[in-house]
Amino acid sequence: MQIIHTVQALREWRKTAGTVAFVPTMGNLHEGHLALVREAKKRAGNVVVSIFVNRLQFGQGEDFDRYPRTLQQDADKLAGEGVVVVFAPDEKELYPNVEQRYNVEPPHLQNELCGKFRPGHFRGVATVVSKLFNIVQPNYACFGKKDYQQLAVIQGLTEDLNFNIEIVPVDTGRASDGLALSSRNQYLSEAERAEAPRLYRELQAVAEAVKNGNLAYAELENAARRRLEENGWTADYVEVRRADTLETAHAGDKHLVVLAAARLGATRLIDNVEIRLD
């Protein structure tokens, strides 16, 4: 396995690489990331994983400075999975002008759900992913469904900017108690970690109610938020949306998703559950 740190070296490697599947990450890899890698390996012998903590997608007061940087441990895990290249640029390599002068601006969706609470986040995501797509030029790119809104943004920019890349959605990896795997789970105290699976259970409860014919989405959302807050959470949102566009759900929609973001102590967790009514 090669660890490549520069754009030029990655492009030289790419010239003779053939079919490539790509997994972009911010490092501090866990089993959920490795599931993306395994999905990528089904599609190409050449798997590239990027490790880059992207300042543009962190807001003021968020955890950019304390986000774990664990390159050597990550590289060891990826070598064990048969990854061919780890692309690990430093900030100056990916943003040589210090300030990114041209950004990829997603549509109104960037200001809803998580975007409402993290202004500029999805602009940062769309910009860095576009840069990485241009550098790696993959045939396939794998993204987890846990970041459902991010996945929607990436699918949209790939279509609108004519990237010749197949986006591969991968199901959310979960711990045995249902908690969605996330690098931020390590911030949880022991008591918070025991409480954290409640978020998934509340989403499952909403999904089950909808499947049983309860289409009073606002009432279901409010009840789930209330139960979270009664148990020490601060809920940013719980919302039922159309799965394909993340627009507001209406009666008659057959493929839905219930999404949530909530804070447990200082840690912000997100999760979602898809709902199929057909």
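## The annotated binding site

In UniProt, an unreviewed entry places the feature "binding site" at Gln-57 and Gln-150. These two residues are spread over 94 residues of sequence, yet they cluster in space, with a largest C-alpha distance of 11.2 Å. Do keep in mind that the model is a predicted one.

Let's take Gln-57 to begin with. Its place is in the loop between strand S3 (46-51) and helix H3 (71-80). The relative accessible area of Gln-57 is 11%, so this residue is buried. Setting aside neighbours within four places in sequence, Gln-57 is in contact with Met-26, Glu-62, Arg-118, His-121, Gly-124, Val-125 and Val-128.

Gln-150, for its part, has its place in helix H7. Gln-150 also counts as buried, because its relative accessibility is 19% and the cut-off for buried is under 20%. With neighbours within four places in sequence left aside, its contacts are Phe-122, Val-125 and Phe-143.

## How helices H6 and H7 pack

Where does the helix that holds Gln-150 meet its partner? Gln-150 is among the H7 residues that make the contact with H6, which brings us to this pair of helices. Two packed helices are described by the angle between their axes and the distance between the axes. Here, the axes of helix H6 (residues 121-136) and helix H7 (residues 148-160) come within 10 Å and cross at roughly 50°. That angle makes H6 oblique to H7, and H6 passes H7 in a right-handed crossing.

On the H6 side, the contact is made by Phe-122, Val-125, Ala-126, Val-129, Ser-130 and Phe-133. H7 contributes Gln-149, Gln-150, Val-153, Ile-154, Leu-157 and Thr-158. Sorted by class, the contact of H6 with H7 has eight nonpolar residues, four polar residues and no charged ones.

## The annotated active site

The UniProt annotation "active site", again from an unreviewed entry, covers His-33. You will find His-33 in helix H2 (residues 31-41).

Is His-33 buried or exposed? With a relative accessible area of 14%, His-33 is buried. Beyond its neighbours within four places in sequence, His-33 is in contact with Thr-25, Gly-27, Asn-28 and Ser-183.

How values were computed
Residues numbered from 1 in each chain as written. Predicted model: local features only at pLDDT ≥ 70, side-chain atom pairs only at ≥ 80, totals over all residues. Heavy atoms only, no water. Axes fitted to C-alpha atoms, helices over the stretch in contact; angles between N-to-C directions. Helix = DSSP H or I, 4+ residues; strand = E, 2+ residues; numbered from the N terminus. Parallel < 35°, antiparallel > 145°, perpendicular 65-115°, else oblique. Left-handed = near helix turned anticlockwise from the far one by under 90°. Contact = heavy atoms within 4.5 Å. Nonpolar A, V, L, I, M, F, W, Y, C, P; charged D, E, K, R; others polar. UniProt positions renumbered as here; feature names shortened; annotations may be inferred. Buried < 20%, exposed > 50% of the residue type's maximum accessible area, 1.4 Å probe, protein only.
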